[in-house]
Amino acid sequence: MPTDSPQSPQVYPSLLIAGTHSGVGKTTITLALMATLKKKGLRVQGFKVGPDYIDPSHHTTATGIPSRNLDTWMMGPEACLELFTRAAREADISVIEGVMGLYDGHSDGTGAGSTAHLAKLLGVPVILVLDAKGLGQSAAAMALGYKLLDPEILLAGVILNNVASKTHLEYLKKPIEGQAGLPVLAYMEKDTNLRIPERHLGLPPSQELVGARHAVPLLYGDLAERLIWLGKKTPLEIAGLARGLPPQRPKVFSVGRGHPPEVDRAPTIALARDEAFHFYYQDNLDLLRSLGAQLLPFSPLRDSTLPRETDLIYIGGGFPELYASQLEANLPMREAIRQAAEKGVAIYAECGGLMYLLERLINFEGRSYDMCGIFSGASQMGKKRQSLGYVTARAREDNLLCKRGETLRGHVFHWSRLVDVSKDSQKFAYGLEKCTGDVPANLGQDGLQKDNVLASYVHVHFAQNPALAMNLLSSAKKVKA
């Protein structure tokens, strides 16, 4: 396991699984590799490029260690370096799963947020996944193009997914190695039983696949056996090619920070965590703990009361639309949250949490379910996606995270929209902008705030500015739920 050295750059054995585009099987290959390495007794640290929550949940199941997000646009390069080294130093090997295609990033065209941007920042070797379905010798042209587009990328080789047969493998392998000059490191044959079914937000999280037939390969290591390694170098040897990184001076996790001085004791955070709500960035939770907060999980689906001495309620995203009837049926919890808000307990909610705090949730079939009723109006599921992508949010008024006029970077991905929202006693929290060119595009208003409650569709990573987490804890009222 690597250790930091103040005299010389430290190498953290790591590799990155990238794809030519979305849907090529990056997650399948990543999980297979993680399971393979874990079987060898290695401590494997998973990372995900970008803002996704679901893939890291699968990493965590495969490795037994919480996976972490690295997003050069949302949190910035320096924070990515810090969060990477903080977790990688505890591992024997780190496996990073890319996002979309290797060079796909923010729509402003700068490459920020892309897999390639992170790969160069960390100096890690990249393995490119190609979907072999319908491909022959043309695979070499694809591999060569990805190799030549940016010579600064350390492209260590190719993994072929959906290979039809041994003959098909040879049709692919020979030109990729001979003409593109890249070794074919491994392959996985086509197997429909390995496909995890998708839905409106992508793959189901790992929590929902436990015990399911299509999850058996993931949970029992069969997936690892389907990945046939051909390369002369082992994954650990390839990971050893990673460039050395200088020791990082912590800015996100500053030593000895403690809880905010204006708070007389460490706040207790009631963290909504069950099948309906589980979208949290691991480093957000770790940062809150490093500031002295105590995080106590509770289930809006099953619990009837909040944890004792709750100062702050944190309700992340998830799938409340799939559990609307159970959420409605748990009237004691809905009432407990409403009463906590009335007593002054701060509440911060993102996306699915926002949907839960409204009066009603209208599902895909048009049926309405009662929710907490802290905000007027409803969230209504649509037949198509309502919003997706990076956004810059500018606070319209002071709120739990920031002051009026301040901005933060975040990500939105939702199929619901707000309807019947009253502006009499509640305000929109943010004005949203999205930059697709030289001029930012105005996306309108987002989120709601009322007294001590802030709820928004925007998912935020606190590593971009640790003051966001400190402000949140400073907002926690000393009124018990």
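Lys48 and Asp55 are joined by a salt bridge, in which the closest N and O atoms lie 3.0 Å apart; the term salt bridge stands for a side-chain nitrogen of Lys or Arg within 4 Å of a carboxyl oxygen of Asp or Glu. Side chains of opposite charge can pair when their charged atoms come close. Lys48 is buried, with a relative accessible area of 3%, and Asp55, at 9% relative accessibility, is buried as well, where buried means under 20% relative accessible area, exposed means over 50%, and partly exposed is in between (1.4 Å probe, protein chains only).

This is a predicted model, in which local features need pLDDT of at least 70 and side-chain atom pairs count only at pLDDT 80 or more, while totals for chains, interfaces and linings use all residues. Residues are numbered from 1 along each chain as its sequence is written, and side-chain values use heavy atoms, with hydrogens and water left out.

How many salt bridges does the rule give? The count comes to 16, and one of these pairs is formed by Asp286 and Arg68, whose closest N and O atoms are 2.8 Å apart. Because Asp286 belongs to helix α10 (residues 282–290) and Arg68 to strand β3 (residues 68–70), this pair ties together parts that are 218 residues apart in sequence. Helices (H or I, at least four residues) and strands (E, at least two) are DSSP runs, numbered from the N terminus. Asp286 and Arg68 are both buried.

A further salt bridge, with an N to O distance of 3.0 Å, brings together the side chains of Glu177 and Lys173. Both of these residues, Glu177 and Lys173, lie in helix α6 (residues 166–178), where they are four residues apart, about one turn of the helix. Glu177 is partly exposed, with a relative accessible area of 31%. Elsewhere, salt bridges that share partners join Arg68, Arg86, Asp283, Asp286 and Arg289 into one network.

The backbone can now be considered. Met100, found in the loop between β4 (93–97) and α4 (115–122), has a phi near 50°, which is a positive value in a residue other than glycine. Met100 is partly exposed, with a relative accessible area of 36%. A positive phi, near 55°, is also found at Asp451, again a residue other than glycine, and Asp451 has its place in the loop between β22 (440–450) and β23 (453–456). With a relative accessible area of 75%, Asp451 is exposed.
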